Amino acid sequence: MFGDLFDEDFSFISNNHWGKGKTSKPRECEPPAPRDFTNLSGIKNQGGTCYLNSLLQTLLFTPEFREALFSLGPEELGTLDDSRKPDAKVRIIPLQLQRLFAQLLLLDQQAASTTDLTESFGWNSHEEMRQHDVQELNRILFSALETSLVGTSGHDLINRLYHGIVVNHIVCKECKNVSERQEDFLDLTVAVKGVAGLEEALWNMYVEEEYFENDNLYRCGACDKLVEASKSAKLRKLPPFLTVSLLRFNFDFEKCERYKETSCYTFPLHIDLRPFCEQPEMDDSEYMYELFSVIIHKGGCYGGHYHVYIRDVDELGNWQLQEEEEKLIEDKAGRDAENSKETENPLAVLKGILAEEDSKQIPVDQLGQKLLEKKGVSWNKKYRKQYGALRKYLQHHPQVFQLSPDANKVGLKEAHELLVELDSPGQALQSPPQSNGVPWNSEKNPLRPRATSAGGHWFDLNDSKVQPIKEKDIEKQFQGKESAYMLFYRKSQLKRPPEARGNPRYQIPEHLLDEMNAANTELQKKRAECDSANNGIDLHLHLSSCYKFHNGALHPSLSWKESVVDLTIDRRKTLGDLRQAVFQMLDSWEGDMVLSLAKPLPAGLHLYQMLDGDELSLDGVGVADGTDIFVWNGKEVGGTRVLAGAEHEPVVLNVLRLAGHNEGGKGQHFTEAQHTFSCSTSLGDLHRALAPSGGIVLRNSSGEEKEAKNWEVFHEEDMEETIRSVGLRDGCSVLILDSHDQSFVNISSGNLTAFTCDISWLQVKNFCGAEDEENQVKITATIETVMSDIKMKAIRELHLEEELANESCLRPVSGNGKLLSPVPEDYTVKEAELKMGSLLGLCHGKAPTSTQLFLYFMVGSDPNSSPEMEIVVEETASVGECLNLMLQKCGLSGDNWHLRRLDWCYEAGEALSQENATLKELNVCRGDTLVIMEGKLPEKGFLKIPIWWLRPSSRKKHGENAQDQVNGLTCQMEALQVSAGTASPEATHPAMELCYAGRIEIAGEASLEELKLQENGC
Ligand SMILES: [Zn+2]
């Protein structure tokens, strides 16, 4: 049940929301690219249709074919508009071909599409297109066209132009009877294998005779028997256009595979077919043909690519020599917008002027005049700098201009003269092969010049791409993987009318002209739209009235969104145009208007250079899509002077200060605030702004991480440096330590490496207050922190009266809870030998200064009978003074007291016998415990010596040298003097027993003998 419910829900989502989300917004359709500088249109490759494209271009550049096609009007073919009407007789193939040709001739696009045409063939998939070979396609296309033109005046179009007849003769050697058989052809297929070129192939086919003899006899109809006979073939009828298919693909019967013949196979530009013809008595011109198209196959026998070299018979294209082409492309790129290539290219301009001249040649001076009159440009002003003097320029382009011998007059070079010039005269290719049977070596001079009926340059039409080529380039297609596959010759006799020259509109029916004009207008419109869309940039205008200047940068007084106005403008427009547009937008603007480049920075909006120079293009001044522009009076915003430019960029710094215990959150040692400064601010000013009452500023030199190790102090001598010059950028951190915090750091080193790592905590417990008060806090400290700072912080943290500082001290608390001796206020944690994390007690009483000693003391050595007391005395106080203070403190009087140290087993030990010696001299240390003992010490110079009697062990041998033992004692006298009262003599003589014999008071200078005597006395 739930399953169904959820399924339903899910499908609902997937159908509506998800589905909608996936449909991508239809892309704005880019208009097709215009023709490039050749001014010829290519044909798009629809996927393996390059052979079709090559053939269609060949047909297009067969002016007689296209004109014959164009001559068929709607009354014969119907119209494409009617093609959907069921009863209309519409001949779609010729109509589509007409339209395609019109597009190729007139539509300003880089490449035309053949989709409509191939659909008219009934080819709807790429598969159907790929099935064909170009030679096969030629026949299919002709056949399709012929079929579709049945019943029209164009029914014989193909025949008229391409139909030829070959006649085969067999002559009986016996009765001389001639058997004749005619063959029609639309194209001639010639062998490639083992043949050096086209002429040799034709010679083999139409000159050489074949003999029937020996085993291979001919059955003569007249003789009715097998006879010897000769067989020959001749061309009986030559078509105006001779199509030659080369048998490049052969079958290798040994290997049982197809292969491509890549050997050299020459063909001439001009060919005389008379030797191959049946009736050789006509005028020479009847046999002369000239090459106008070469379809080239590139690749192997299973696939490859076709392109075609075509001679532009009617000079429809713009052909330039290679260098000029490159120059033109450069020029074109440089001024895409202007689209004025005509006046930019002097070759085209001068050619145009001369072409319009009636006289064959005009004086060079006059050409300059006409240039000025017709195009409004002076050679010297416009071209001389780049192209040199006019006369020189003409001389440098002999392929275009014909100068008179004295170089004073110039005209256009005739096309046939051009050919003569380009090709060196060679041997007559039409001569029969030499008698020795060696094939012609036509490689040497394969392209023999001949007078030609039509001019025109060669182009390489390779699907969408059309490139000019030199006639000589054809030779490259004689052999190899990329080589000629079909040749198209036209009869030299065929003349083109002068009005067809350079006129792509020639003979195109009116309705197609109209259609193309409309299509071009539409294309232009689309391109203009697309162009302005491509060049449109969105600018963000920030109006000064919506801004306030504070904290070092401009901030919108409302939201960002409300303070910004977007403006779309063509990037090619000028700054003046922009200013005008802004003025129009803000009709209430008064006074000066300054436009400044602006940039949103972390600190806020910052202004850069003012946009100056109204004649400059937006592109030129660096205004691009998305640029922020601030509109203001150029001086102030809301009364505040605004400093613009990179040198005043605001920088946002993270300013860190040491956090108190309750600030900064858990584990945070710092509080953080952001401050904005101009990057030109000096460190001195920065210092004064951030630490007005002294203190130091440190920068984090180890990057973004705020708690990283390397904090560096800005040195005094760096105070003239600026924020930028020391490399402080947005997001950089500086640490401010006030004078109080500086105890954390060792400033003299200038480098606070490991500073923050060592920072830690000490705990302070309040021993001054009542039980119920908050009594323990954590205080940050480093090993360099001074005790007084810890105390002050603790007092604050504990919320105690600050005056308490004067009458309190910090005392370490031992593991068992004992308050140890207070630490001098000026000691650091390190000096006080405090461990981080240890507990300190905040106690009443002044802490000793570093010259004072804190001492414990008690009366008598039994801690149970006498409480331990504390006292602070100057370390320079004498033993006597110290004793008196202690007696005072514990309420004793009299002078029958002396002080002893507490020994290591917590008993009264060594007496401080020198009453006048200072505690310091006697090495009394902070935290020592002294014991007040009853009894007077011996006077100065006297010792009170405990006497131990070393009695020889009864188990030991008698007769030991007693003197030696005494001497042993003697040796220890010095030691006794020092250690008297502190330690029992060690049982260094295990063979003896040690008995305490009591104390003897004796002068330090007394001799050992005297000591002995006195000893014996006790
Ligand atoms: Zn015969």
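The paragraphs below go from the whole chain to its cores, then to charged pairs, the metal site and some local details.

This is a predicted model, in which local features need pLDDT of at least 70 and side-chain atom pairs count only at pLDDT 80 or more, while totals for chains, interfaces and linings use all residues. Residues are numbered from 1 along each chain as its sequence is written, and side-chain values use heavy atoms, with hydrogens and water left out.

The secondary structure of the protein chain comes to 27 helices and 46 strands, where helices (H or I, at least four residues) and strands (E, at least two) are DSSP runs numbered from the N terminus. The accessible surface of the chain comes to about 52900 Å², and 49% of this belongs to carbon and sulfur atoms; such areas come from the Shrake-Rupley method with a 1.4 Å probe, and for residues only the protein chains shown count as cover. Of the 1018 residues in the chain, 45% count as buried, a word that here means under 20% relative accessible area, whereas exposed means over 50% and partly exposed lies in between (1.4 Å probe, protein chains only). Among contacts (heavy atoms within 4.5 Å) between residues at least 6 apart in sequence, 69% join residues at least 24 apart.

In soluble globular proteins, nonpolar side chains tend to be buried together. A nonpolar core is defined here as a set of buried Ala, Val, Leu, Ile, Met, Phe, Trp, Tyr and Cys residues joined through side-chain atoms within 4.5 Å. The largest such core has 65 residues, and those with the most contacts inside it are Leu56, Phe65, Leu97, Phe101, Val134, Tyr162 and Ile295. Helix H5 (residues 92-106) gives the largest share of this core, nine residues. Leaving aside residues up to four places away in sequence, Leu56 touches Ile43, Leu97, Leu100, Phe101, Thr114, Leu117 and Leu141. There is also a second, separate core of 38 residues, which includes Val166, Val195, Cys277 and Val294.

Charged side chains come next. Side chains of opposite charge can pair when their charged atoms come close, and a salt bridge is counted when a side-chain nitrogen of Lys or Arg is within 4 Å of a carboxyl oxygen of Asp or Glu. A search of the whole structure finds 28 salt bridges. In one of them, Arg66 pairs with Asp314, with the closest N and O atoms 2.7 Å apart. Arg66 lies in helix H3 (residues 63-70) and Asp314 in the loop between strand S15 (305-311) and helix H11 (322-334), so this pair ties together parts that are 248 residues apart in sequence. Both Arg66 and Asp314 are buried.

The side chains of Arg496 and Glu67 also meet in a salt bridge, at 2.5 Å from N to O. Because Arg496 lies in the loop between strand S21 (482-491) and helix H18 (510-535), while Glu67 lies in helix H3, the pair ties together parts that are 429 residues apart in sequence. Arg496 counts as buried at 15% relative accessibility, and Glu67 counts as buried at 14%. Arg66, Glu67, Asp314 and Arg496 are linked in a network of salt bridges.

Arg688 counts as exposed at 54% relative accessibility, and Asp685 as partly exposed at 39%.

The zinc ion has as its protein donors Cys172 (SG), Cys175 (SG), Cys220 (SG) and Cys223 (SG), which lie 2.0 to 2.3 Å from it. Donors are N, O and S atoms within 2.8 Å of the metal (3.2 Å for Na, K and Ca), and water is not among the atoms, so sites may look incomplete. Along the chain, the donors follow the spacing C-x2-C-x44-C-x2-C. Why is the arrangement around the zinc ion called tetrahedral? The four donor atoms subtend angles of 103 to 115°, and four donors count as tetrahedral if all angles lie between 85 and 135 degrees. Cys220 is buried, with a relative accessible area of 1%, whereas Cys223 is partly exposed, at 24%.

Finally, helix H23 (residues 787-797) is mostly covered, with nine of its eleven residues buried. Just after H23, His799 takes a positive phi of about 55°.

Methods. Four donors count as tetrahedral if all angles lie between 85 and 135 degrees; four count as square planar and six as octahedral if opposite donors are over 155 degrees apart and all others between 65 and 115; anything else is irregular.
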